[in-house]
Amino acid sequence: MANQELSEQEIVRRNSMQALRDRGIEPYPAPEYTVTGHSAEIKETFVDGQEPLREVAVAGRIMSRRIMGKASFMELQDAEGRIQVYVSRDDLCPGEDKEMYNVVFKKLLDIGDFIGVKGYVFRTQMGEISIHAQEITVLSKSLRPLPVVKMKDGKAYDAFTDPEQRYRQRYVDLVVNKGIKDIFIKRTKMFNSMREYFNSHGYLEVETPILQAIPGGASARPFITHHNALDIPLYLRIADELYLKRLIVGGFEGVYEFSKNFRNEGMDRTHNPEFTCMEIYVSYKDYNWMMSFTEKMLEKICLDVNGTTEVKVGDNTISFKAPYPRITMTQAILEKTGFDITGKSEEELRAFCKQEGIEVDESFGKGKLIDEIFGEKCEGSYIQPTFIIDYPIEMSPLTKRHRNDPRLTERFELMVNGKELANAYSELNDPIDQYERFVEQMRLADKGDDEAMIIDGDFIRALEYGMPPTSGMGIGMDRLAMLMTGQSTIQEVLLFPQMRPEKKQTKDEEQEKEAE
């Protein structure tokens, strides 16, 4: 801090901080401040003509001030919103000493400072419910000015709208940009609603390892680290599937986990390398049951979060009212391209991709080729919730073979607004079949596919002890949050999304940017 170049405003604020201390006012006091009311609740419960007037103690940031001689107004922002505060010199300083108003309030407090206000609630002549301040307590001095929007000649200045700044300094974004906090309140409601749904069915929330010796449960590139004490490489988990299924082997009938997963892959508007996933596994069920379970769950979540089964995302109005259509993967590709993937060889699939201009890698096997065809030609067209079912076996190494067609698997993905939201199976519980599927994945790895699964010998051993018929489902919680809050990018629903390292600007560069 000693070598930091300070702006003129930052120097003024530091001087104000010292001036407060010189007057015996600690700008960062330790004692607890007891709050007896919040802005929204105070305004909602106010009754005109009520006697005696309600006395309250509120706390929050100063967001604006209008100083007018002996009386002033300021806007205080707390956890629920904003409320106007009326400050009269004579009420705040009933004796002869008017310094608290004339110096401290008018000159040493700034927009962004945290204060406590004690007073009574009333309605002004302009009709605004306000607090008449009788006591002000400094709670925390803000040493940097907030980018509060100012208007001049119809043009906005200091608006905090640049996405990179907003995501990097989320703490400022939450303070100055209306509606940002509501996104994350809805996100929490979404998690609570899902937990309530699972718990009401008697399923158990569990925790499984983040550091894993084998990165299993999905086809993805992992992050690698090293455990010094054991002197072994470890991987940040890409999925928690194999551990949760071990618990089904152990006798739990239904388990679920909200897990932080990590995939060392690209970043875009729907992908972050660290993301939150929910996976649930239920014994004695299949993917048909899981589809019904999932659509009822999503309908409930949408109602709990938004009070309706419909959400607006961009230009699309999406209805989560159950039930949802069910279309086979083969049927979906045939409808969108006229190409029937049934029985096609790897060479035929690769030739079709080349014909359609779909970029594929030489390491891709049949499963990834089909996945690329669906992703390029079909996925984006499913706006309303739609189950894509019965995937070819090459696409699903952990999934039970279809009971009516051994070339397919009992798998579904739920597509919403042109993207995958959920992925589910009738789980493969035949240990011999599972081992053979892992071996096939290793062949793909030998061809250069760095997302192919590794053989997990302990998981095979667990299956050899016997796993009952089970259905499992995973859902991307960040993508679900995007849908429930109407956001188009994943960064908007992550409090602290992954960012490139911040470039340090010189003083000259900062001044040039301000001049622009």
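Student: What should I keep in mind about the numbering and the model?
Tutor: Residues are numbered from 1 along each chain as its sequence is written, and side-chain values use heavy atoms, with hydrogens and water left out. Because the model is predicted, local features need pLDDT of at least 70 and side-chain atom pairs count only at pLDDT 80 or more, while totals for chains, interfaces and linings use all residues.

Student: Which residues of α1 are buried?
Tutor: In α1 (residues 8–22), the buried residues, meaning those under 20% relative accessible area with a 1.4 Å probe and protein chains only, are Glu-10, Arg-13, Arg-14, Ser-16, Met-17, Ala-19 and Leu-20.

Student: And what covers them?
Tutor: The cover includes α4 (99–108) and β5 (129–140).

Student: At what angle do α1 and α4 pack?
Tutor: They pack at about 155°, with their axes 11 Å apart, and are therefore roughly antiparallel to each other, a term for angles over 145 degrees. Ser-16, Ala-19 and Leu-20 of α1 make the contact (heavy atoms within 4.5 Å) with Val-104, Lys-107 and Leu-108 of α4.

Student: Switching to α13, how does that helix sit against α14?
Tutor: Helix α13 (residues 431–446) and helix α14 (residues 457–464) pack at an angle of about 160°, with their axes 9 Å apart.

Student: Which residues meet there?
Tutor: Pro-431, Gln-434, Tyr-435 and Phe-438 in α13 meet Phe-459, Ile-460, Leu-463 and Glu-464 in α14.

Conventions
Axes are lines fitted to C-alpha atoms, for helices over the stretch in contact, and angles run from 0 to 180 degrees between N-to-C directions. Helices (H or I, at least four residues) and strands (E, at least two) are DSSP runs, numbered from the N terminus. The expected span of a helix is 1.5 Å times one less than its number of residues. Buried means under 20% relative accessible area, exposed over 50%, partly exposed in between (1.4 Å probe, protein chains only). Angles under 35 degrees count as roughly parallel, over 145 as roughly antiparallel, 65 to 115 as roughly perpendicular and the rest as oblique.
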